[in-house]
Structure formats: C-alpha cells, structure tokens
Amino acid sequence: MAHCMRVLHGQGSRTRAVLLEIQQRCFSVSPLTAAAAQVAMSRFDKAPLPYEKLTKNLEVVKKRLGRDMTLSEKVLYSHLDDPKGQDIERGTSYLRLRPDRVAMQDATAQMAMLQFISSGLPTVAVPSTIHCDHLIEAQIGGTEDLARAKDINKEVYKFLETAGAKYGVGFWKPGSGIIHQIILENYAFPGLLMIGTDSHTPNGGGLGGLCIGVGGADAVDVMADIPWELKCPKVIGVKLTGKLSGWTSPKDVILKVAGILTVKGGTGAIVEYHGPGVDSISCTGMATICNMGAEIGATTSVFPYNSRMEAYLKSTGRDGVASAANSFKHLLTPDPKAPYDELIEINLSTLEPHVNGPFTPDLANPISKLGEAAKKNDWPVDIRVGLIGSCTNSSYEDMGRCASIVKEAINHGLKSKIPFNVTPGSEQVRATIERDGIAQTLRDFGGTVLANACGPCIGQWDRKDVKKGEKNTIVTSYNRNFTGRNDANPATHCFVTSPELVTALSIAGRLDFNPVTDELTGKDGKKFRLSDPYGDELPARGFDPGQDTYEHPPADGSKVNVEVLPTSDRLQLLEPFDKWSGKDLTDLTILIKVKGKCTTDHISAAGPWLKYRGHLDNISNNMFITATNAENGELNKVRNQVTGEWGPVPGTARAYKAASVPWCVIGDENYGEGSSREHAALEPRHLGGRAIIVKSFARIHETNLKKQGLLPLTFANASDYDKIQPTDKISLLGLKDLAPGKQLECEIKHKDGKSERIKLNHSMNEQQISWFKAGSALNRMKEIAAGK
C-alpha cells in the first residue's frame, strides 16, 4: 500500500489514464468508480462526485428492501447516515440524511448565518454557497436597479460576504443571478442531495438531483455536520407519454399537475416524473416543472437522468460530470417495477397550454377556456403588465422561444400593447442573450430587461401604473400568485403561465386571446395567426459566462472580521429563546384566529420587508399583517383580549409579550404554504407565541416551527376549528408526557365560563420534542455540545 501511495505521489505530471490504472491495481477500484473519483462536484469544489459512496449505500438499502426502487428512493436512501440501521417506511419514518451541499439566498442566508454564528462553530462542514438575488428591486432597468441595490443593501452584502469568507461559504455577488439558475448551471448533478433555504430549491431536479427547500435552521444543522432529518416521503409518480409540440411547453405540465393535486396534494411526497414523454423535454424545461412543484406542497420533484441532461452538462462545461453520470445510470433512473404511492398519467401530445390563477397557482385554466372563465368570474380581461423570466422560466431556450414570437409580431408591425418586463435568470443567460441578439429583440418589442434577480416574482417591484386597491390583471411566467405577492396590491389578479403565452397575451393585451386559434391584425390591416414558438435548446456558440461574480472563501478565514453593529436596523445578533418551563401551557390568549388561506407571505410579508430579514425585531412588525382575522374579516386588526382595544397584530403581540401574556394562533388548512422563510416561525416565537393550532400544515413551515421551539399542533377533528372563538382561552395539557404519536389534551375556556376539551395531534419525534423542551433546535445543539 505504501509503495502504491509513493507511486501515485510521483505521477503528478502523468496522464489521468496512468493514475486510474494505478488506483485500480492498488486499491481494487473499478474503472467507473476510479473515473468518477477524479471528477469534482463542481469547478469550485475539491470534493469528488459521491457516486462510489452512494452506490455502496444503495446496495445495502436495496438488499434490505428486497424490491425495485423509485429514483427518488435511490437518491434519498443512498444519502442515509446509517443505511444499515435506518428505519425506512414511507410517510412514517424520520430519515437521517447527509446532504452533499447547502445553498442559501441572501434574504434567508442572513438569519441562517446569524444562527450559524450563534453555534460557535469555526467553519461549515459541507460545500455551501450564498446567492445575492432577493434584495434587488425592479424599478427602472437592470443596470440602474443593480447599482441602487448595491448601495441600499451594502451593509447586508458586506455581512454576507465576510460571513462567507470567515466560515468557508462561497459568495455569489449581487447581479450574478437567481440562486436556482446558478445552482443548475454550476452545482447540480444527477444524484445530488442538496438543501436550500428557498422553497423553489427543487429546480435542481431538472438535472436529476433531489434538491429540497428548508428553513435556515435546517441549513445550520447540515453546515454543522449534523445529520439532517426528513420524514420519509411518499412518492407520487407522473408518467409522461406523447411529445410536447406547438404552444404546449414544459410549464404546462406542472400547471396541469397543480390543477390535479392542488396546493396541498403533494405534501409529504416527492413527485417523480418518468415515462417516454420525458425525453421530449429539455433539461431546463424539466427544471421549470420541478421548480413549480413547490406550489403543490411537494417535498421536491425529480426527473431521471437522460440525454437532455447530458447535453446541458456538456454545454455548461461539465463533460466530466456527464461522463461519470453515464456510468452510474443504475443509480440515476428508476427500476422497471418502481412502486409509486400514487400515479398520474399525462399525454403530452394532447396537453393544452394552461394559464393558472388568479390568487392561487392550482386554479388551472386551459387557454381555450380562459376568456370564458374571466368573464364568468369578473376577472379583469384587459392585461396591464406582462412579465417573463424568474427562477422558473428564464433559460436560454425560454428567451429564444419568446423572441421567435416577438420577431413575427414585429414583422407584422406589432409590439407589446402593455409594459413587458424580462428577468434573465443569471449573468450567463443575460450575457448570452445579449450576444445572440435575443435581448435586443425583446427590447424592440417594448420590453425592459431587468436585473439578474428575483424582482417582481417575490414582490421586489416598484410598480407605478396602478394604485393600491385598483383591480387589474397581470400575466407572468413566475411560479406563485398569492394575493399581493408581486406588487403588494390585493386587487391585482396574477395569472401564471409559460413565457410563450405571456408574450402572446402581451401582444393582444387581453386574457381572452388564444394564440392557438385566434388571429391578430397586423399594422397593414391583414389578419394573421402566430406561428408555433421555437428556439434553440442550448446556444449554438456556447454560453457566454459574462462578468465574474463569484467570490471563493479563503483557505483560512479565521482572521476575517464579521461586523454587526448594535445600532443597525438591518442586522441583529440573535438571543437564545427561553426554555420550556416544564409545565402545561395554560390559559393561552388567542392572538388571531386566521380564516382561510394563510401562506408564509401572510405570516411574514416580503416586498419592502425583505430589507429587515437580518433583524428579527424589526421584521416582526410585519407578522400576520395580511392574514384575515376570523373575528371581523379584516386584515391586521385584532382585539387585544386584555384591554378590549382593536389594533394591528404585531402591536397586540408586543403588548402581550410586555405583559407576560402567552399566546397562540388558530389556523385553517395547509397553514404556512409557500415560501420556506423561517421568519414566519421566528417572529411568532420572538413576540411570545407558544403554539400554532391548525387543520393542517405545509411541510417546510411545520418543520420551521419545531426548530424554533413552537408547538405545531393539528386538530384531531378538523371541525373543532369552529368550536374556538377568538375570545377563548386555550390550555395545552399533559406536556410532561409529550411523546411521539401521543395526542395532546386541549381545554377550550369560553367567555361565558363554559369549557370543553378536544384532542390535538402532532408529528414530533423524540429529537423534535427535545427542541421544544430546550427552547429551540439551536439551544439543543448547544446543550449537546456542552455535554448536557
């Protein structure tokens, strides 16, 4: 062995083939494994592709299960911390996993890095990156908006840059692009297991990885080398047959699936696409489908490795990754008799283009029925703004297909009838569409090319053309369309669709235009019908990387200073939450009984509040301000149950906290759907909340509540929601005996002196119960480190 190591050391200048041969002789390594071991996970990483480890783990698990496996199971279970001993039961077991990497966007990275700093650890244990994409407001145009954002957010950017340098985290500067596009271009690979502090992290499933959205506390666990915990997901299979053609695009697949499964139908499950139709979808098209899987509550979504992924890997300079993946297809594709918990079949050849909305992404409207539905429901038919791009649909192919529509319209003397905004997904996409003339074509159409950032998709839009409260319609190629999501106007009817349909509808300016069947009138008065859109899947001349916007952490960051000023209104160091007292939580006041949909946007609004994502006390002033109060049907107006006065939700919570009045929240179905933002859990905890009691939870938010020491509880009987009045007092009994699978007793004391008891469920395991008792997962981490 020693001789072999000396030989290896002496062959530094020899060819890779010689090194591989020596490895095989000395260590009995197969040629495939040896080849994969020479390929780094990315051009920024030293760690090799983990295919050897994954294959060994998979062999152990497959022998235990004794059956064919889905792709999702192969990738997930091969990342188990203990493949030999881990209990594996879909929908029941809690898996302890070892993800390959962590990705954080700037709005959530602030709190994640503040928590990591609080842990006292010197450096991250796995490859991790920060991406500056959320804090750039769309106002004028890309160049101007970026310069303004760099100035306004310089304190936050400096914090993230220095924190990254100190703790070993790569830093993508503002202007580099949207996190999910950067991941797809540089870091995603078939078989990857990655967590990201953004709900649309599943975008990486388009390249065959399991990429899962989480809160910042989960990211801290992984960066701290603690096994990451996930309830073993069920697997929903979506079999695709036929072939995409005409106006039907990859976006229509997920719009159709959203209509079938609804916003909570994917909760607790991975959506796995398979079947012969998969090969008619490009890699970036598959990413689009996986990205918007977040809107059905899915843990993540994934496609099997194929030639379209191989082509994308090679086009983005990752030939070695493609070659290695080709050698491990058994790991990267489902078995022939893979068992699915639910199966959906979609024929792509007959799939109609869709436009989903308004106000919810699962209200599916085939384009042929959209105009009729708009008139029937009194949706504004005239469109005010068209917006394409975002992390969901900003690929080179997307932009090229839109340009083909634009060119035809311009040839007939037509331009967009409405403001038309374009968001490139990354600096690489921006530079390439500029070089190839696509960006100029979109400008000639009347378009404004915005910064490489999230922009209007997340509410970073300084919209001037309508007043707040003015009823209007916008169409976007984004992924989410909750009330007020894009422009903070609750009267804006947002519809999500493909970028191609956004472009066509922008020419007509009306929702009742169907480009498949309807004609337009050219400048010369002649009628014409738009041709089917087309565009190159990948740039024929290769990608132009554009400006270098990446900053690699130094080898030793121990001397880097990370500054958080006590006087800052943007950043605030965290104080530990208080531990559980050991007693039952009795006579909890109800801060608010929420009626209807309550997303994380309702709990912690984005838009102008994004600037406070690093300052827990300041951002807590947005808590529940857009949630509907069941007592009066109003927003941000609740009764102080101590004084009887009406006031804003955050102010009332602060009054309770100051008076040492513990409180809880009562909620409806799928509470906390949408974004992964853990501020929606941190804020209630910070302002004195103790429990959230609802009909059902969205996955990420439920976990975030557990991490921060709040009790996430569900009604054993959903109709018990109606028994509780906002003036009631709630007592949670039997907390000393809190155990996995054991119901809690809840006493409801009514204002008239009467009381009644109901049962509440929870999904906490032993470890999660320890988080509650310690006051938070971070507190428990410190206890373990201290040997307690």
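Guide: We can go through it piece by piece, starting with the inside and then moving to helices and loops. Please keep in mind that this is a predicted model.

Visitor: Which residues have the most contacts inside the largest nonpolar core?

Guide: Those residues are Tyr-51, Leu-240, Tyr-273 and Phe-303, and the core they belong to has 172 residues. There is also a second, separate core of 25 residues, which includes Ile-590, Ile-693, Phe-715 and Tyr-721. As a general background, nonpolar side chains in soluble globular proteins tend to be buried together.

Visitor: What does the UniProt annotation say about residues 590-717?

Guide: The record, an unreviewed UniProt entry, labels that stretch "domain: Aconitase A/isopropylmalate dehydratase small subunit swivel". In the model, the chain over residues 590-717 is 27% helix and 18% strand, and its end C-alpha atoms are 19 Å apart.

Visitor: How do H12 and H13 cross?

Guide: The axes of helix H12 (residues 283-291) and helix H13 (residues 307-315) come within 8 Å and cross at roughly 105°. Angles of 65 to 115 degrees count as roughly perpendicular, and H12 and H13 are therefore described as roughly perpendicular to each other. On the H12 side the contact is made by Cys-283, Thr-284 and Met-286, while H13 contributes Arg-308, Met-309 and Tyr-312.

Visitor: What does Asn-481 touch?

Guide: Not counting residues up to four places away in sequence, Asn-481 touches several residues, among them Asn-356, Gly-357, Pro-358, Phe-359 and Cys-494. The side chain of Asn-481 also reaches the backbone oxygen of Thr-360 at 3.3 Å.

Visitor: What joins Gly-357 and Pro-358?

Guide: Those two residues are joined by a cis peptide bond, with omega at about 5°. Pro-358 itself is found in the loop between strand S12 (354-356) and strand S13 (364-366).

Visitor: Where is Asp-752?

Guide: Asp-752 is in the loop between strand S29 (744-749) and strand S30 (755-761), and this residue is exposed, with a relative accessible area of 56%. A polar atom of the Asp-752 side chain lies 3.0 Å from the backbone nitrogen of Lys-754. The C-alpha atoms of Asp-752 and Asp-728 are separated by 9.3 Å, with the two residues 24 residues apart along the chain.

Visitor: What about Gly-91, which residues is it in contact with?

Guide: Leaving aside neighbours within four places in sequence, Gly-91 is in contact with Lys-231, Cys-232, Pro-233 and Lys-234. Gly-91 lies in the loop between helix H5 (71-77) and strand S1 (94-97), and it is partly exposed, with a relative accessible area of 29%.

Visitor: Last one: what is the phi of Ser-660, and of Asn-670?

Guide: Ser-660 has a positive phi of about 55° although it is not a glycine, and Asn-670, also a residue other than glycine, has a positive phi near 50°. Ser-660 lies in the loop between helix H23 (649-658) and strand S25 (663-666), whereas Asn-670 is found in the loop between S25 and helix H24 (679-686). Ser-660 is exposed, with a relative accessible area of 64%, but Asn-670 is buried, with a value of 4%.

Terms used. Residues numbered from 1 in each chain as written. Predicted model: local features only at pLDDT ≥ 70, side-chain atom pairs only at ≥ 80, totals over all residues. Heavy atoms only, no water. Core = buried A, V, L, I, M, F, W, Y, C linked by side-chain atoms within 4.5 Å. Buried < 20%, exposed > 50% of the residue type's maximum accessible area, 1.4 Å probe, protein only. Helix = DSSP H or I, 4+ residues; strand = E, 2+ residues; numbered from the N terminus. Polar contact = N/O pair within 3.5 Å; in protein donor to acceptor, adjacent residues only side chain to side chain. Contact = heavy atoms within 4.5 Å. UniProt positions renumbered as here; feature names shortened; annotations may be inferred. Axes fitted to C-alpha atoms, helices over the stretch in contact; angles between N-to-C directions. Parallel < 35°, antiparallel > 145°, perpendicular 65-115°, else oblique.
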